[in-house]
Each structure stands twice: as structure tokens, then as C-alpha cells.
Amino acid sequence: MAVQTVAPHRRRSRRVYWLYLIPGAVALAVVILIPFGLNLWYSLHRWKGGLAPQIWVGLDNYRSLLHDSAFWNSFQNSLWMILAMVVLPTLIGLLLAAVLFDYIGKNVGSRTASVLRATYYLPQILPVAVAGIVWNWIFNAETGALNEILRGFGMTNPPNWLGDPHLALPAVMLVLVWIQIGYPTVIFMSALQRVDPELYEAAELDGAGWFRRFRAITIPQIKPETFVITLTCTIAALKVFAPIYVLTRGGPESSTLVPSYYSFLNFFDKSKVGYGAAVATVLTLVIVAVALAIQLLQARSERRDEEGV
Amino acid sequence: MTATLTPTVATATVTHKNDRHHRGALRWFILAGAVIFAVLMLAPFVLMVMNAFKDPAQYSSGGPLALPTSLYTDGLVKFWNAVDFPVKLWNSIWTSAAVAVGGTALSLLTAYAIGIGRVRGRMWIVMIFLLANMLPQEVLLYPLYTMAQKVGLNNSGWSIVIIFTVIQSAFGTYLLASVLGTFPRALLEAAALDGANSWTVLWRVVFPIVRPTLSVLMIFFFIWTWNEFFIPLVMLTTPESQTVPIALASLQGDRMLDVPTLNAGALVSLVPTLIFFLIFQRTLTRGVTAGAVK
């Protein structure tokens, strides 16, 4: 009886909740869905931007991309960005977190550990543009701090870090690693706190050394966090713009060109809006595909773990 | 179980004791490594502070590592006046604050419908927000730029507020929806029995309980918006509307940007975020970890 009267009432009251979706839906449509659609539309045109005529070219822009070496080069550099923003920071962050948590936190003191953690995290909080500008000065060939120091050591002709096509990419990558490290370190430290200490005690009693415990217990236990870090950092690496803009503007000789900067160049420097829109669309597809792939991997690994238990 | 384990515990403690010498050396070695790494991480900050207040003449003669012999503030003054820093600071503060409040409110409303209202097709709605969160800004930039021009919001802080309220709330909705999905139903049912409508439930029952999460979101949104570079760079074309990071970048390549000016500029540009970080440090680290486990 009571159930019967509640049910229709509930169904009606649930409809009320659609009202709460209205502001979010309108906002999403105006700022994301419509611009996304417009961008697709632009990418099918040749357009210099502004009041210039839009000329329908179909998929021509996408076809040109296939033969555009700068475009391929930018995505190749994305792989280096992933190395610098995902792979290296995750590995170093894991090591730092393990050292801070397992060793310094337990044997030296938790205060020391949290001070060190805050230090590693510091680059994360400053505006990326500010970080880039400081590093730009450090790497500057004439007045930069690094070369001044090298000259002080008697090096007569120190390298032009950001001006040499062979050195610019590694220099940019170093800055990105420096910026990123804090994020995995902090997350891994909290992940390690979550791991049941009894697991370690049991393994220690079985005579497993630190490294074996790390491999057999720590790594599997912190898998969820590892996936979150991999996903968010990979997306960030594919999107990276500000550090490139303030450090090298994609140069020298396109050696540090990335997709987002390449589409920016087409939009505003080359006045090839349709082409830039096509680059942005491809970048979006790549990001969504990579994100899906990582999530699938995660789902599969979770399933395998469950079956294993 | 306990009985069989006890002897092993005893031997384990014994080996520990034998190890102590070896461990002591290793301990200092590892600590030294961690500290050296921390020093390397801090090095750019140290270089920045040391050279922000150093005379350009001393910089060229003594190099970046020499301590400044006198407190040179011309660089700071030059930067402050050249970019009209108070204006930039105010632009950054009000746009970031508006996005923090607006983005959190918008996230709460949408997440309320998804997590508590459990509207039909909510999986799809969450998916859309997740995808929106993944989009590179480049794919929205040019259309947003033309749209802002049409409605006269180009070169206005409001364009930044509107755009980032939505972009940040895409993340906020995703996070809050999963938090609200686990909201105790008993509380909601009790409120419904008391005759509370959905609006009252939102503000009297749900809001007080999720307030800690909301405050973490607000801090995130504030810092993220403050640090935004790409869209503000394109949208804010004149100095009087620009934000702090754009102001600093706009000086790049300028003749007047000598070493002390650059470093003083970078220093004052990061001071607000640093202060903000120190104030909210605890809430923030809690938030970073909360986001990770979700």
C-alpha cells in the first residue's frame, strides 16, 4: 500500500531534477558543443579568418595534413612530450614517494618527509607561463644563468640551449619533467599510505627484501593511482601549449613544434583558420582515442586482478 | 597462526640489529640523495630570487650565483610600472574568483540532477562532461574567439569567466556526480517525508554535507583559472584586460626586460599563487588525493 503511493510520487518528483540540468546544458552547449561543431565546420573550409570568405573544400584540409611534414613532426614531438610529462615523472615520482614514505618518513621523521614533499610539489603551483619564462632566462645563450655559470667554470663557448635544434627539445623536456614531478609524487605518497602494512609485514617475515616487496606488493596495490596519473598526464602532454609558447615558440626549425602550437600558428600567424581547425580536430580525436585506450587497459587489468583473486 | 609466526619475528629482530651499522650509512645516503634532489628542484626559484634584486652590472660581472651586494629594486619597479601590475592582479583575482564560485555552483546543480536526481541517461550525461573535459582548448578557441567578437565580449574578462566556468565545471560535475552518487539515501528520504522539495533538499541537506568537497573544487578552479594561459592569451588583447601570466609573457623579447626585471616580474607573478597555496595547503593536498582515488 505504502509502496504504491510512494512510487508514482517519486517518479513525478524525479522529473523535477531535469530543471537542474538546464543551466549546465545551456552552458555546455554555448561554450563547448557549438564551438566544437563550428570548428568542425571551419575545418571543411578554406578561410583566412575574420570577414574573409569561407570557401568549402570538403576534406581537402585533412588530405593536406597527410602530406604535411610539420604536422607529422608535431605529433612525433608529442611522443617526446609524453616521455617528459608522463613516463619520466611517474617513474621518478614513484621512486621519490617510496623513498619519502618508506624510508625518510619512517627512519628520519615525518616532518622531513612532508617538507621534502612540499619542495617537490612547488613547481606545480606556479603558473606554467611564469615557470617557462624563468627557464627561458636560465637557458638564454647570452645572459642566461646556466651559461653564466658554465662560463664561470671556464667554458668559453657554452651551447645555445633553446636555439640549437638538437638541444631545444631535451631542454624543453627537462623543464616539463621539473614541472610535472610533484604531481605523481604527492599522489603516490597518499597511495602508499592506503596500502595495508600487514601485507609488508607478512612479506618481510617471508624474507622478501625491499625491492621484492616493492615489486610484488606496492606496484600492484597502487595500480589505480598509476592509471589516473597516466591518463591525466597523457592528456595534458598531448595538449601542452604554454611551455612551448614561452620557451621556444615551436622552434628552432620546428624542433619543438607540438600539435596545439601548430594549430595556433595556423589560426593566427598563417591565417589558415580552416587548416588550423583540422589540426585541432585531429588532435581531439587522438586525445579521445588515447584516453579510451588507457581506460580499456585499466578495465582489463582490473578484471584480470579480480579473476586472479 | 600466531604460534608459528612468533619464532620468525624473533629472528627478524635479530637480523635487524646486525644490520644497524649498514643501515645507518644507507640512511644518510638516501637522505642526502632526497635533499640534493630537493635542492635541484628549488634551484630555479633560488636563482630567480637571487637575481631579482641584483644590479644588472653586478649580474654581468659576478654572474647569477653571486649574492646581491645591495638591494636593487629598480627591476621590480620597472616591471610593476611597465605592466601596470595592480590592474593585472585585479583582473586575475576577480576572474579567477568568479570562475571558482560560478563553476562550483554550476557543477553542484548538474551533479545534483545526476547523482541525487538519478535522471535517466545519466551515464551518457556524465560521458559528455568527461569528453568535454578532455577536449583540447584549440578545438574551441577560434569559434569562441569569433563568438566573443560578435557579442562584444572579446577583450573582456567576462569572456574568460564564462568560458572557464563551463570548462572547469565539466570536471567538477564529473567529480561531484560520483561523490553525490554515494550520498546516503536515508537522509534524502527523511527530508522528503518532511515535505521538503528538491530545492530545499539541495541547500539544507546536500550542500552542508558536501561543503568540504565544494571548497576543494573552488580552490582548484581558482588556481587553474589563475594559471590559464592559452585562451586568455588570445581573448585578452589589450593590456588593461590582461591577467598576470599574460602580462609577464607579453614582456618577453622586450628590450627593457633585463635580468632583474624578468626575475622580479616572475617573482611577483608567483607570489599570489604561493600565498594562496600556503593558506589552503591542507585542503589542497587532501583534494589532490581525493581526486586520485575517485
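Predicted model: local features only at pLDDT ≥ 70, side-chain atom pairs only at ≥ 80, totals over all residues.
Helix α14 of chain A, residues 259–269, is where I start. Nine of its 11 residues are buried, so the helix is largely enclosed by the rest of the structure. The buried ones are A:Pro259, A:Ser260, A:Tyr261, A:Tyr262, A:Ser263, A:Phe264, A:Leu265, A:Asn266 and A:Phe267. Just after α14(A) comes A:Ser271, and that residue takes a positive phi of about 50°.

Next, the surface of chain A. A:Val16, A:Leu19, A:Ile22, A:Val26 and A:Val30 make a nonpolar surface patch of about 410 Å². Which helix gives the largest share of the patch? Helix α2 of chain A, residues 18–43, does, with four residues. Take A:Val26, which lies in that helix. A:Val26 has a relative accessible area of 47%, so this residue is partly exposed.

Helix α4 of chain A covers residues 69–108, and helix α5 of chain A covers residues 110–125. Their axes are 7 Å apart, and the packing angle is about 155°. Because angles over 145 degrees count as roughly antiparallel, α4(A) is roughly antiparallel to α5(A). On the α4(A) side, the contact is made by A:Leu96, A:Leu100, A:Ile104, A:Gly105 and A:Val108. On the α5(A) side, the residues are A:Ser110, A:Thr112, A:Ala113, A:Leu116, A:Arg117 and A:Tyr120.

Over to chain B, and one residue there. B:Thr110 sits in helix α4 of chain B, residues 85–116. Is B:Thr110 buried or exposed? Its relative accessibility is 1%, so B:Thr110 counts as buried. What is B:Thr110 in contact with, leaving aside its neighbours within four places in sequence? From chain A there are A:Tyr20, A:Leu21 and A:Gly24, and from chain B there are B:Phe129 and B:Thr173.

The last topic is charge pairs. Side chains of opposite charge can pair when their charged atoms come close. Over all chains, the count comes to six salt bridges. I will go through some of them.

One joins A:Asp60 and A:Arg63, with the closest N and O atoms 2.9 Å apart. These residues are three apart in helix α3 of chain A, residues 60–66, so about one helical turn separates them. A:Asp60 is partly exposed, with a relative accessible area of 35%. A:Arg63 also counts as partly exposed, at 48% relative accessibility.

Another salt bridge is formed by the side chains of A:Glu204 and A:Arg213, at 3.8 Å from N to O. Here A:Glu204 counts as partly exposed, at 36% relative accessibility, while A:Arg213 is buried, with a relative accessible area of 15%.

In chain B, B:Lys78 forms a salt bridge with B:Asp258, and the closest N and O atoms are 2.9 Å apart. Why does this pair tie together parts that are 180 residues apart in sequence? Because B:Lys78 lies in helix α3 of chain B, residues 74–82, whereas B:Asp258 lies in the loop between α11 (244–250) and α12 (259–293) of chain B. B:Lys78 counts as partly exposed, at 33% relative accessibility. B:Asp258 counts as partly exposed too, at 21%.

That is where I stop.

Conventions. Residues numbered from 1 in each chain as written. Chains lettered and ligands numbered in written order. Heavy atoms only, no water. Buried < 20%, exposed > 50% of the residue type's maximum accessible area, 1.4 Å probe, protein only. Helix = DSSP H or I, 4+ residues; strand = E, 2+ residues; numbered from the N terminus. Patch = residues over 30% accessible without salt bridge, like charges linked within 9 Å, V, L, I, M, F, W, Y side chains within 5 Å. Areas by Shrake-Rupley, 256 points an atom, 1.4 Å probe, with all protein chains shown as cover. Salt bridge = Lys/Arg side-chain N within 4 Å of Asp/Glu carboxyl O. Axes fitted to C-alpha atoms, helices over the stretch in contact; angles between N-to-C directions. Parallel < 35°, antiparallel > 145°, perpendicular 65-115°, else oblique. Contact = heavy atoms within 4.5 Å.
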